[in-house]
Amino acid sequence: MEKRRLNFWQIWNMSFGFMGIQMGFALQNANASRILQIFGADVHQLSWFWIIAPLMGLIVQPIIGHYSDKTWGRFGRRKPYFLVGAILASIGLVLMPQADIFIAFLPALWVGAGMLMIMDASFNVAMEPFRALVGDNLRTDQRTLGFSVQTALIGFGAVIGSWLPYALTNWFSVSNETAGGTIPLNLILSFIIGAIILIGSILVTVTTTKEYSPEELASFEDKKTHSETIVKDNEEDKSSLLDIFKDFKKMPTTMRQLSWVQFFSWFGLFGLWVFATPAIAQHTYGLLHTDSSSPAYQNAGDWVGILFGVYNLVSALYAFTLPYIAKKIGRKKTHAASLVVGGLGLLSMYIMPDENWLIISMIGVGIAWASILAMPYAILAGSISPKKMGVYMGIFNFFIVIPQIINALIGGPLVKYAYNNHAIFALLMSGVSFLIAAALVFKVKDVDDVIQS
């Protein structure tokens, strides 16, 4: 037996829930620093609050991957996990910008940080099973398409989430003003809308997608070892959570090689997400690093949402070309070239004369973002036994969250002491990090790449 070939819309529906997840994630990425600054956080403290995000990924994703590999019930294998994750993330989305309502119990800043933790844990519960679902359901020759469609939906969701605060203010006259440490109404409404769309999109995937049973997965030809880098799985069905550490030690060579590419890719992304708002407010709008409440700062924050939407829109469109480019030149060259373009885009932010020119910078970032979301997973999935798809996708997340944790620990002090509170230099470091990742791609062995001349 072999897996059935899915048509485009079946692949689309299978990943549709990721659009809602990424809409919520984009709202968080573009606005969490702004919200925390309004609640009283200093610029150099932002990365310390953001350390919550990678910590949740480090803890949650391997555990969810392990248990989703072992789970099978009336609702399927992966679907129960991302449904529960979506519900919890929606609660965090609604409450984070309204953390000041709990001020009688705790300072709003700490409640906001707590809601950030809930959202991140929940996003991670939902994300990992989605990655594994693509690996479970698609044949080798459809895998690049599957992760590219997923990337496109991630892009569309992120565009909506990133642009929503700006659209509410400029198209529907919803106020973006803040007074006395309160969150602007456009942000509060944006997070509520994001929560609703998140639940709705997840339900589309849950109701339209069929999962293979463990027996069916065991019967497929691609379960058999077809390369030395495929993980052999002759263990008994009995397993414990501690097996994650055993699996980590036995990870495929391809996965080890990709880990360094992921490290520098996500180190750079984290710097962009945390410091984009203060960097652009200072470097492009000419504001002081202590300004977090002026109308100009709120306009800068809304424009960061637009810029994030631009790179996610570019990512969504570019994702559709990735399978064709990869067939011509290979997945490794495709990924390396995309990272170079993204790195140059980040470096160019320093010389752009005004906020509108930053759109060009974000086009480069969007090309890199699309490839980061698709190519490493397409390469990795070919080196993993289907029976271990969930846990290895979770372990692979180590190499996403560890660089973010390191950046979270050193990023703030670097901005304060090395960069003299000029956050723009954190974005330049992100650009250099992308270029290093691009060079490391060529050390990776892609065991089932298909190149057509």
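Modeller: Before we start, one term: two residues are in contact when heavy atoms lie within 4.5 Å. Also, this is a predicted model.

Biologist: Fine. Which residues does phenylalanine 248 touch?

Modeller: Setting aside residues up to four places away in sequence, Phe248 touches Arg256, Ile395, Phe398 and Phe399.

Biologist: Where is phenylalanine 248 placed?

Modeller: Phe248 sits in helix H10, residues 243-249. Phe248 is partly exposed, because its relative accessible area is 31% and that class runs between 20% and 50%.

Biologist: How far is phenylalanine 248 from phenylalanine 396, C-alpha to C-alpha?

Modeller: The two C-alpha atoms are 9.1 Å apart. Along the chain, Phe248 and Phe396 are separated by 148 residues.

Biologist: Let's zoom out. How many helices and strands does the protein have?

Modeller: There are 18 helices and 0 strands.

Biologist: And what share of the residues is buried?

Modeller: Of the 453 residues, 62% are buried.

Biologist: What about contacts between residues 24 or more positions apart?

Modeller: Count the contacts with a separation of 6 or more; 84% of them join residues 24 or more positions apart.

Biologist: Now the core. How many residues are in the largest nonpolar core?

Modeller: It has 125 residues. Ile21, Leu272 and Trp273 have the most contacts inside it. Helix H15, residues 358-381, gives the most to this core, with 16 residues. As background, nonpolar side chains tend to be buried together in soluble globular proteins.

Biologist: Pick leucine 272. What does it touch?

Modeller: Leaving out residues up to four places away, Leu272 touches Phe308, Tyr311, Leu346, Val365, Leu427 and Ser430.

Biologist: Switching to the surface. Which residues form a nonpolar patch there?

Modeller: Val84, Ile87, Leu88 and Ile91 do. Together they have about 330 Å² of accessible area. Ile91 lies in helix H5, residues 79-95. Ile91 is partly exposed, at a relative accessible area of 43%.

Biologist: On to charges. How many salt bridges does the structure hold?

Modeller: It holds 2 salt bridges. Side chains of opposite charge can pair when their charged atoms come close.

Biologist: Which side chain does aspartate 302 meet in a salt bridge?

Modeller: Asp302 pairs with Arg34, at 2.9 Å from N to O. This pair links distant parts of the chain: Asp302 is in helix H12 and Arg34 is in helix H2, 268 residues apart.

Biologist: Are aspartate 302 and arginine 34 buried or exposed?

Modeller: Asp302 counts as buried, at 4% relative accessibility. Arg34 counts as buried too, at 0%.

Biologist: Which residue forms a salt bridge with aspartate 136?

Modeller: Arg78, with the closest N and O atoms 2.7 Å apart. Asp136 is in helix H6, while Arg78 is in the loop between helix H4 and H5, and 58 residues separate them. Asp136 is buried, with a relative accessible area of 3%. Arg78 counts as buried, at 0%.

Biologist: What about arginine 139, where is that found?

Modeller: Arg139 is in the loop between helix H6 and helix H7. Arg139 is at 18% relative accessibility, so it counts as buried under the 20% cut-off.

Biologist: Which residues is arginine 139 in contact with?

Modeller: Apart from its neighbours within four places, Arg139 contacts Glu2, Lys3, Arg4 and Arg5. A polar atom of the Arg139 side chain lies 3.3 Å from the backbone oxygen of Lys3.

Biologist: Last topic, the loop between H17 and H18. Where does asparagine 420 stand, buried or exposed?

Modeller: Asn420 is in that loop and is exposed, with a relative accessible area of 54%. Asn421 is in the loop as well, but Asn421 is buried, at 15%.

Biologist: And what is phi for asparagine 420 and asparagine 421?

Modeller: Asn420 has a positive phi of about 55 degrees, although it is not a glycine. Asn421 has a positive phi of about 70 degrees, and it is not a glycine either.

Terms used: Residues are numbered from 1 along each chain as its sequence is written. This is a predicted model: local features need pLDDT of at least 70, side-chain atom pairs count only at pLDDT 80 or more; totals for chains, interfaces and linings use all residues. Side-chain values use heavy atoms; hydrogens and water are left out. A nonpolar core is a set of buried Ala, Val, Leu, Ile, Met, Phe, Trp, Tyr and Cys residues joined through side-chain atoms within 4.5 Å. Buried means under 20% relative accessible area, exposed over 50%, partly exposed in between (1.4 Å probe, protein chains only). Helices (H or I, at least four residues) and strands (E, at least two) are DSSP runs, numbered from the N terminus. Patches are made of residues with over 30% relative accessible area and no salt bridge: like charges are joined within 9 Å, nonpolar side chains (Val, Leu, Ile, Met, Phe, Trp, Tyr) within 5 Å. Accessible areas come from the Shrake-Rupley method with a 1.4 Å probe; for residues, only the protein chains shown count as cover. A salt bridge is a side-chain nitrogen of Lys or Arg within 4 Å of a carboxyl oxygen of Asp or Glu. A polar contact is a pair of N or O atoms within 3.5 Å; within protein, one must be able to donate a hydrogen and the other to accept it, and residues adjacent in sequence count only if both atoms are side-chain atoms.
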